[in-house]
Each structure stands twice: as C-alpha cells, then as structure tokens.
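Open the structure in your viewer and keep the selection tool at hand. The stops below say what to select and what is there.

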Amino acid sequence: MAGIFEIAQAGDKAYFFRLTAADGTVVAVSPLFSSIKSAAAGINAVRENAATGLVVDRSGTHRKVATSRSAVRAVAPLAGSAVATA
C-alpha cells in the first residue's frame, strides 16, 4: 500500500496535510494553508516534485573543506534518486 495524504483542520480557518507511510509513520507535515483548496494544491506540488527532486546532504557528517565554491563532493545516490551536495 502506498502512503496516504490526509488533510486536517488546525483552528477555525487553517488547514494542513500530512503524508503517512503504509506502516502509519508520519513522513511529512505541511505548513498551514488558508483553505482546503490550497492544501490540496500543496499535495499536488509534493506529488509532482518529490519523485524528481534532488537529495541534498547538508548534515555536515561527511563534509570536507572545499577549496572553492564550485567544489562539489559526489555522494552515492539513494535508490531511484539523484543526490547533490553543497
């Protein structure tokens, strides 16, 4: 089973969505939106961009001192995704 997007209400006129994995783990929570229509548009944006988005490692765990701004360290990509480092 795939993940589930759920739209919920937060207060009188605020909405958000959360993405829940098949095992029930909450994977992502959106910022607040002023309407359900805006929250649905946010879900569509995530659907369109998530599959093709780059993974950028900014954790600093494997950082080396760069000698120039254009120096980029290669990282093995996650399965099915591209990885960029800054």
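The tour goes from the sheet to the helix, then to the rings and the core.

This is a predicted model, in which local features need pLDDT of at least 70 and side-chain atom pairs count only at pLDDT 80 or more, while totals for chains, interfaces and linings use all residues. Residues are numbered from 1 along each chain as its sequence is written, and side-chain values use heavy atoms, with hydrogens and water left out.

Select β1 (residues 4-9), β2 (15-20) and β3 (26-29). Strands here are DSSP runs of E with at least two residues, helices are runs of H or I with at least four, and both are numbered from the N terminus. The three strands form an open sheet in the order β1-β2-β3, with antiparallel pairing; two strands pair if DSSP finds at least two bridges between them. β1 and β3 are at the edges with a single partner strand each, so one side of each has no neighbour in the sheet. Neighbouring strands are turned by 25° against each other on average, direction ignored.

Select Ile4 and you will find Thr20 of β2 opposite. Five residues lie between the strands of this hairpin, and Gly11 takes a positive phi near 90°.

**The rings**

Which residues form the aromatic cluster? Select Phe5, Phe17 and Phe33. The structure has two aromatic pairs, where rings of Phe, Tyr and Trp (its six-membered ring) pair if their centres lie within 6.5 Å; planes under 30 degrees apart are stacked, over 60 edge-to-face and the rest tilted.

- Phe5 and Phe17 have ring centres 5.9 Å apart and planes at 65°, so this pair is edge-to-face. Phe5 in β1 and Phe17 in β2 are twelve residues apart.
- Phe17 and Phe33 have ring centres 6.0 Å apart and planes at 20°, so this pair is stacked. Phe33 is in the loop between β3 and α1, 16 residues from Phe17.

Phe5 is partly exposed at 23% relative accessible area, whereas Phe17 is buried at 6%. Buried means under 20%, exposed over 50% and partly exposed in between (1.4 Å probe, protein chains only). Phe33 is buried as well.

**Ser30**

Stay in the loop between β3 and α1 and select Ser30, which is buried at 11% relative accessible area. A polar atom of the Ser30 side chain lies 2.8 Å from the backbone nitrogen of Phe17. Beyond neighbours within four places in sequence, Ser30 touches Phe16 and Phe17.

**The core**

Finish with Tyr15, Phe17, Phe33, Ala39 and Ile43, the five residues of the largest nonpolar core. Such a core is a set of buried Ala, Val, Leu, Ile, Met, Phe, Trp, Tyr and Cys residues joined through side-chain atoms within 4.5 Å.

Conventions:
Polar contact = N/O pair within 3.5 Å; in protein donor to acceptor, adjacent residues only side chain to side chain. Contact = heavy atoms within 4.5 Å. Axes fitted to C-alpha atoms, helices over the stretch in contact; angles between N-to-C directions.
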